[in-house]
Amino acid sequence: MELLTATILLLLSSSLPFSFSSAHKTFIHCLVNHSSSFSSSSHPITESIFTPNNPSFSYVLQSNIRNLRFNTSTTRKPFLIITALHASHVQAAVVCAQRHHMLMKIRSGGHDYEGVSYVAESPFFILDMFNLRSIDVDIETETAWVQSGATLGELYYTIGEKSKTHGFPAGVCPTVGVGGHIGGGGYGNMLRKFGLAVDHVIDAQVVDVQGRLLDRESMGEDLFWAIRGGGGASFCVVIAYKIKLVRVPEIVTVFHVKKTLEQNATDIIYTWQHVAPNIDNNLFIRLIMDVVNSTQNVTKTVRANFLSLFLGDSKSLVSLMNVNFPQLGLKQQDCIETTWLQSTVIYWSDINPSTPLEVLLHRDLPSDYFKMKSDYVNKPISKVGLEGIWKKMIELKDTKLYFTPYGGRMNEIPSNATPFPYRGGTLWMVEYIANWFEPGKDVADYYMNLARKLHKHMTPFVSMNPRGAYYNYKDFDLGINHYGKSSYVEGMVYGYQYFNDNFNRLVQIKTMVDPANFFRNEQSIPVVPYEMYKTKMEPILSPKPMLWFLSTLVFLSSLPCSSATYSAAEFNTSFIHCLINTTSDSSSSHPITESIFTPNNASFSSVLQSYIRNLRFNTSTTKKPLLIITALHVSHVQASILCAQKHNMLMKIRSGGHDYEGVSYVTHNHVPFFILDMFNLRSIEIDIETETAWVQVGATLGELYYNIVHKSKIHGFPAGVGPNVGVGGHLSGGGYGNMMRKYGLSVDNVLDAQILDVQGRLLDRDSMGEDLFWAIRGGGGASFGVVLSYKIKLVRVPETVTVFQVPRTLEQNATELVYNWQYFAPNTDPNLFIRLILEVANGAETLTKTIRATFVAMFLGDSKSLVSLMNETFPQMGLRQQDCIETTWLKSVLFWDNMDISTTPVEILLERTPQYTLKHLKRKSDYVRKPISKAGWEGIWKKMIELENGAMYFNPYGGRMAEIPSNATPIPHRAGNLWKIQYHANWNQKGKEVEDQYINMIRELHRYMAAFVSKNPRQAYFNYKDLDLGINYHGKNSYYQGRVYGYEYFKDNFNRLVQIKTKVDPNNFFRNEQSVPVISYMGSVRIESEKSLLYTLLFLLVLSLVFESKNYIFREEC
């Protein structure tokens, strides 16, 4: 025997390439020696070893490469391939690889979209399982043993040979290997009836890290659980699975129906998402969407392909569809009755149904370049959302979406029954596909970015915290494990997305069965770091807090190191440590690591730009934040507040208000900063019985309005007309809309609030006190704390409201109309609000410019009542019945946002992306207290025409606004104000010169209006921030700098705001360019001096009146 082994080694050594290292030769010696010790000489391992100079090496390597991205001349090749023919070959490979410190890649024929089983950055060899392919079917027990190298096609064919009424619920690709497929979960078109492939695995044979051959009993239930969906290659080498077969009918039915957008695909898909996960479990309808040429014109359209398997006859299927999904219009002739074997495999693989079943035994693989990604959807997508997806797909052109419906049996299996967690609550899985056929890195980058862009666009519609992904569709964009000191942390990044909470159990099992982490690849399960054992931290592993603590390393490694961006000193890496540690105890189900975006994170730019509404602050030279925290939980906000103070970080709070000067995401003080973005905190709870609602600050006005009307058609809320504006920013600065004359400002209808103060305490109205509650209702919440939510009082609205928009030019008597409007609009019925928009337009009769006055109105009542009111009180307008549109209050929001209410679905209010094109802009504001003369108006027209590009929006006051005291909230502009002015300047061109031109133009118009507006102080609206009024640099003169803009925004209420600010935030942590300042010593003296001066002046005035009276009496007596 020893002589035979020596001879074999001599022959094998002579065939090795000259460059083959001595270590590799020693490794082969070990393989030969150990394989013989594990089995008899009838299975020589030498027949399984392929070195690079073997003529068959390239063929063996390429035979199971599915993605041409990893089959190039520059792709790193293995130094050896072992095509195991016997379990002893596997055992030898495992033992010798450890002994000689060789990296082993296990190839079992799964999808392997990222080439994990046959590509590596460091020297490696492949253990290829494709020769271990035996299948033993036992119909009597309805079970089968199948080795991992067999393909699904071979398995199905072998089952079909034994029985026409048995099958197995696995994938529809016949060339996929059983080992890789089942190891990651495995699903197919019977998952709604039977669940996943792993749900039908009842035993297994594996080779563990010690080279032992184990079955279920000897390996134990933990390891058996892990290899059924957690990736067998992380724990051992799976030799075979014992599976439980399922019963299938002799006749099944399939169909493939195609619909384009022109054929009502949007409505059909909208219905599909409600039907497919909930219909009879015997029916599976996959949806595939791709971009094709429109049949009606040369433009592109989206085609929806509905592919179905029904475990029954076609008559029953058509009857079922007509009852549950008539929108698809399925007909008998669309259906094909066949056997399960033909339908499930051949039909689903686009093979001609007349092809012999023996094609299932072929192992030839399709060859192209591709990139795949995955997602899970838990809530139906609105029609507006679907239309946005079609728009993005048509823009990208070369991408596909596969929607695989869940429900049925998938809902019944617990999420921890196997490592695969996506069960109940999941509507469908999304697969993103980009294919191409040309080689080259540039081409690859182009197509891969298409898939990434579509994946990014889908973010609002898919699962979050974590954003789920399917382990069998590996995606390196989720992270790669480099197996250094941060291995566990790197593993968590992708691990939680693939396995959710099951990741922790997988890590524990991995650590138990393979503590030295021999079985590893770029996305395998990591082991628990030694330090955890040393410090007895193992019990912490089960809940998620460990994720916070260790994820620090991931973020530190993701930070840019170039001094041209942010230096290590600037960033202060311990800040992230602090964030993670501070949240670890309070929010184990909401890891803050999922909320942290650093500048080199792929999503950093999109997160930053998603709520920038002014292109002036979205340039390459605009200073960017060091970090963005998109808070998902109150603990994330608390940690941000506490750690920012501890590490002297400037925090900007973004709650989605107008923010015309970019104060919430840009620093004008050139100080490094981070953003606390609140857009994920967006829950809305409506209580119609009490006519109240709790709304988090990250919700938009559109989402709020939609949710209110979803509960009641006769309730609304008096806030702004921009549906994309965030509730937080809007309410904290006052908030007004087209019902303010009836109900006042938004803040006049706030009953309670939740805020985190400078100490990180969560307070409500009772615990914060009335002073702070007063301040955050119009004084700018970001000056005092972080507002989490507001409790608002809903208001009653009629079922029918009326809107109109009537334009008039100077040639159409606009001057007379505007002159009369200023007397009428602030004094008419409070149910009527008429905004006036003034802008320069082309004259209809001449080539000169003119002024167009547009009257835009909302009336809380029917059109007949409105016309009657207008004819009686504002006949100059000449309003007619045909000028009016009767609609619902909710649809009136669409009207005010310049959308066609007859064709636009109200679901568009749930869209967070503005429907208008973003522009560069500048805004200013004013208040008018006295009517302007006709001569004054004519002077204004002249100035506007001279400037040409400015516009003014006039919003009338009066009504309820005149009844609320000026100090009821920080917003002082109440009785005595006729209307508010908003000055508009918009432009599309980039560049400093263009910007200066438009900004100076609107400043000149603002200067011209000085004669007609409020004075001492000249007032401005806080939500329309205007840095022309002054910037606070928060130095020694902070109070005085704040006083300049503070009195214009708040008048006499400014002093009370300053006192409250000083009390709740004495160190001025919550600050921005126009926040409320604290009282410095000199500021305190100034306030007291002003009070003393005021009292002195009053005393002198009274004294002078007394003397004047005495003089008068003296004169009379004389």
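Predicted model: local features only at pLDDT ≥ 70, side-chain atom pairs only at ≥ 80, totals over all residues.
**Disulfides and aromatic contacts**

User: How many disulfides does a search of the whole structure find?

Analyst: The search finds two disulfides. One is formed by Cys30 and Cys96, whose sulfur atoms are 2.1 Å apart; the other joins Cys578 to Cys643, with an S to S distance of 2.1 Å.

User: Where do Cys578 and Cys643 lie?

Analyst: Cys578 belongs to helix α21 (residues 574-583) and Cys643 to helix α23 (residues 634-646), so the pair ties together parts that are 65 residues apart in sequence. The link has -85 degrees about the S-S bond and is left-handed.

User: And Cys30, buried or exposed?

Analyst: Cys30 is buried, at 5% relative accessible area. Its partner in the disulfide, Cys96, is also buried, at 0%.

User: What is the pairing of the bonded cysteines, numbered in sequence order?

Analyst: The pairing is 1-2, 3-4.

User: Changing topic, how many aromatic pairs does the structure hold?

Analyst: It holds 56 aromatic pairs. Among them, Tyr471 and Tyr498 have ring centres 5.1 Å apart and planes at 75 degrees, so this pair is edge-to-face.

User: Which parts of the chain does that pair link?

Analyst: Tyr471 is in the loop between α15 (441-457) and α16 (487-499), while Tyr498 is in helix α16, 27 residues apart. Both tyrosines, Tyr471 and Tyr498, are buried.

User: Which charged end sits over the ring of Tyr270?

Analyst: That of Lys383, 5.2 Å from the ring centre. Likewise, the charged end of Lys934 sits over the ring of Tyr819, 5.2 Å from its centre.

Note on methods
Residues numbered from 1 in each chain as written. Heavy atoms only, no water. Phe/Tyr/Trp six-rings, centres within 6.5 Å; stacked < 30°, edge-to-face > 60°. Helix = DSSP H or I, 4+ residues; strand = E, 2+ residues; numbered from the N terminus. Buried < 20%, exposed > 50% of the residue type's maximum accessible area, 1.4 Å probe, protein only. Lys NZ or Arg CZ within 6 Å of the ring centre and 35° of its normal. Disulfide = S-S within 2.5 Å.
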